[in-house]
Amino acid sequence: MRTSHRQRCSMRNVLLLAAWNACYTSAWPSTAIVGKTLKSTDFDEHSCSMVFIDAGANKGDTIQDFYAGRYHACTRNAGYRIERMPIDSFCVFSFEANPRWTHHLAHLVEQQGALGRRVTVFAETAVAETNGSVTFYQDMGTPRGEGASMMYSKPMKGNGEKRAITIPSINFASFVQFYTNLGALIMVKLDIEGAEFHVLRSLITTGQACKIDVMFIEWHDHKINMVYEHIPPSIQASLLWLLKAPGCRLKKVIRLDEYTTGLDPAFCLSRKHDNHRS
């Protein structure tokens, strides 16, 4: 007897993006698969019991900082003794929207693969509230477009010239949900040039934010026009307040800023404005 599409999907729980598209059409349309997938080695994503999700890879400095132990050092007092867990036991998933970094990231992923690390970079792909596509503004005034953003009001660096392109977007909350459903320990970094307000809103309304263990956020409210982008004032404090709801699993929110070159362990352990949950 032939099985239905729904039955086949319920029997087959595969993380590979091709399977996401086949089985979860409403959540993973073809346009949301990614621009380019860069994978260090062929590994089973179901085996990932500890996950680090990097939204805003840029040139890959976060991946390098993670394996240097800098993010681990910031997780003290977050529970589960995360700082003592073997770094190479984590699966790293990284997203970068700017096509100018693709070649650089491909080289970095190859290096991580040679070390046996499980790293996947979704290049030329934006994290967003929905699957589909978004307008992305490239910074044409710098060699690599470091000031690029999905937010039109964000000033560009250099001569201020920007170019609009269309790239795939992926529903970030749905991506996180796959791993929360697996019961994985999850660390998330958000550095997406102003789009963090929308993505965090989606994480909270879907209930996924409270299933993350540690979150690192760089806020860009001072770099975008909040009124133009229809983002309420003081929303940053409101979002953090929501994350303190009873039953929220999130143990620690760590604020990143542009003045931090990498993450200094002593710096992280002494931050007074980290948000703890006991």
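**Two disulfides in a predicted model**

Trainee: What makes the disulfide of Cys48 and Cys91 left-handed?

Mentor: In this predicted model, the torsion about the S-S bond of Cys48 and Cys91 is about -85 degrees, so the disulfide is left-handed.

Trainee: How do you know that Cys48 and Cys91 form a disulfide?

Mentor: Their sulfur atoms are 2.0 Å apart. The cut-off is within 2.5 Å, so the pair of Cys48 and Cys91 counts as a disulfide.

Trainee: Which parts does the pair of Cys48 and Cys91 tie together?

Mentor: Cys48 lies in the loop between strand S1 (36–39) and strand S2 (50–55), while Cys91 is in strand S3 (residues 91–96), so the pair joins parts that are 43 residues apart in sequence. Both Cys48 and Cys91 are buried.

Trainee: How many disulfides does a search of the whole structure find?

Mentor: The search finds two. Cys210 and Cys248 also form a disulfide, with sulfur atoms 2.2 Å apart. This pair links distant parts of the chain, 38 residues apart: Cys210 is in the loop between helix H7 (196–205) and strand S9 (214–218), and Cys248 in the loop between helix H8 (235–242) and strand S10 (252–256).

Trainee: What makes the disulfide of Cys210 and Cys248 left-handed?

Mentor: The torsion about the S-S bond is about -100 degrees, so the disulfide of Cys210 and Cys248 is left-handed.

Trainee: Why is Cys248 called buried?

Mentor: Cys248 has a relative accessible area of 7%. Buried means under 20%, so Cys248 is buried.

Trainee: Why is Cys210 called partly exposed?

Mentor: The relative accessible area of Cys210 is 22%.

How values were computed: Residues are numbered from 1 along each chain as its sequence is written. This is a predicted model: local features need pLDDT of at least 70, side-chain atom pairs count only at pLDDT 80 or more; totals for chains, interfaces and linings use all residues. Side-chain values use heavy atoms; hydrogens and water are left out. Helices (H or I, at least four residues) and strands (E, at least two) are DSSP runs, numbered from the N terminus. Buried means under 20% relative accessible area, exposed over 50%, partly exposed in between (1.4 Å probe, protein chains only).
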